Amino acid sequence: MRQAERANPFEWSGGHPALDLVNTLDERPSPTPIENLATYHDLTRFAALAGLLDRRTAAHLQRLDNRSGSHIVNRARKLREHLHDVLAAANSGRPARQGDLDALSAAIQAAHAARTLVSSPSPGLANRRWSPALTRGIPLHACSLAIECLLVDEDRKRIRKCSASDCDVYYLDTSKGRRRQWCSMKGCGNREKQRRWRSATR
């Protein structure tokens with residue numbers, strides 16, 4: 001498996017943070033996909049850019065030792081693959097494996113337990129804050145809560161996979177009439193059109 005070399009390697013065509021998380025393993029389903037969550041710093045940067053962490057929290061997490069967070073990023077990659085398998089099953093018309101759902105459920109429960117209520121001046125009586133004792137796990141927990149929102153709140157018919165045969169990118173179809181076919185018109189869409197044109201002219 002290769003590691004990303006670009007300054008901002010993340011794929012942002014998902015339209016939802018949880019789908020963008022799945023797409024952090026780039027160039028699926030090739031034999032040598034590119035791992036964009038290679039380090040803990042990659043995970044915290046992704047969570048910040050995806051809007052799952054506020055700027056102050058993200059800056060603090062980026063100062064933490066990369067090696068000490070290695071088990072957190074390992075868990076995040078496993079969580080990502082459980083979600084990918086659930087999406088792949090739905091895309092194929094199969095029920096999700098209970099083992100994948102159990103793993104996601106456990107991560108989501110841990111994420112909710114990682115937040116505490118603190119007094120708030122407005123508009124509500126209290127706000128949710130991450131527990132200081134669980135600092136290193138915050139990016140993982142933030143991703144878990146995003147997964148919960150995707151699975152529970154989004155219409156499953158809007159969650160689509162790119163129609164290109166060599167692309168495994170998932171996205172939320174918000175197009176009019178739900179006619180979107182590609183993760184990117186400039187990338188896969190244009191490439192598939194060229195393939196069809198070449199096939200038609202042979």
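Glu35 and Arg80 are both buried in this predicted model. The two side chains form a salt bridge, with 2.8 Å between the closest N and O atoms. Glu35 belongs to strand E3 (residues 34–35) and Arg80 to helix H4 (residues 70–91), so this pair ties together parts that are 45 residues apart in sequence. The pair also belongs to a network of salt bridges that links Arg28, Glu35, Arg80 and Glu81.

**Salt bridges**

In total, the structure holds 9 salt bridges. Three of them are listed here.

| Salt bridge | Closest N and O atoms |
|---|---|
| Glu35 with Arg80 | 2.8 Å |
| Arg160 with Asp173 | 2.9 Å |
| Asp155 with Arg178 | 3.3 Å |

Asp155 forms a salt bridge with Arg178. Asp155 is in the loop between helix H6 (138–153) and strand E6 (159–161), while Arg178 is in the loop between strand E7 (170–172) and helix H7 (185–200), so the contact ties together parts that are 23 residues apart in sequence. Asp155 has 31% relative accessibility and therefore counts as partly exposed. Arg178, at 37%, also counts as partly exposed.

Arg160 forms a salt bridge with Asp173. Arg160 lies in strand E6 and Asp173 in the loop between E7 and H7, so this pair ties together parts that are 13 residues apart in sequence. What is the relative accessible area of Asp173? The value is 1%, so Asp173 is buried. Arg160 has a relative accessible area of 25% and is partly exposed.

**Backbone details**

Arg178 has a positive phi of about 50 degrees although it is not a glycine. Glu27 is another non-glycine residue with a positive phi, here about 60 degrees. Glu27 sits in the loop between E2 and E3. With a relative accessible area of 38%, Glu27 is partly exposed.

Pro29 is also placed in the loop between strand E2 (25–26) and E3. The peptide bond leading from Arg28 to Pro29 is cis, and its omega is near -5 degrees. Arg28 is one of the residues in the salt-bridge network with Glu35, Arg80 and Glu81.

His16 occupies the loop between strand E1 (2–3) and helix H1 (17–22). Its relative accessible area is 9%, so His16 is buried. The side chain of His16 reaches the backbone nitrogen of Ala18 at 3.1 Å.

**Helix H6**

How far apart are the end C-alpha atoms of H6? They are 22 Å apart, which agrees with the 22 Å that its 16 residues should span at 1.5 Å a residue. The buried residues of this helix are Ile138, Pro139, Leu140, His141, Ala142, Cys143, Ser144, Leu145, Ala146, Ile147 and Leu150.

**Pockets**

The largest pocket has a volume of about 440 Å³. Its lining consists of 16 residues, and those nearest its centre are Asp54, Thr57, Arg129, Trp130 and Ile138. Ile138 is also among the buried residues of H6. At least two lining residues come from each of helix H3 (55–62), strand E5 (126–130) and H6. H3 gives the largest share of this lining, 4 residues. By class, the lining of the largest pocket comprises 7 nonpolar, 4 polar and 5 charged residues.

The second largest pocket holds about 370 Å³ of space. It is lined by 16 residues, of which Val86, Leu87, Ala90, Arg156 and Ile159 are the closest to its centre. H4, H6 and E6 are the elements that give two or more residues to the lining of this second pocket. H4 supplies the largest share, 4 residues. The lining of the second largest pocket divides into 9 nonpolar, 1 polar and 6 charged residues.

Definitions and conventions:
Residues are numbered from 1 along each chain as its sequence is written. This is a predicted model: local features need pLDDT of at least 70, side-chain atom pairs count only at pLDDT 80 or more; totals for chains, interfaces and linings use all residues. Side-chain values use heavy atoms; hydrogens and water are left out. A salt bridge is a side-chain nitrogen of Lys or Arg within 4 Å of a carboxyl oxygen of Asp or Glu. Buried means under 20% relative accessible area, exposed over 50%, partly exposed in between (1.4 Å probe, protein chains only). The expected span of a helix is 1.5 Å times one less than its number of residues. On a 1 Å grid over the protein atoms alone, a cavity is a set of points where a 1.4 Å probe fits but cannot get out, and a pocket is an open set with protein on both sides within 12 Å along at least five of seven lines; lining residues have an atom within 4 Å of a point. Grid points are joined across faces, edges and corners, and a volume is the space filled by probe spheres set on the points. Ala, Val, Leu, Ile, Met, Phe, Trp, Tyr, Cys and Pro count as nonpolar, Asp, Glu, Lys and Arg as charged, and the others, Gly among them, as polar. A polar contact is a pair of N or O atoms within 3.5 Å; within protein, one must be able to donate a hydrogen and the other to accept it, and residues adjacent in sequence count only if both atoms are side-chain atoms.
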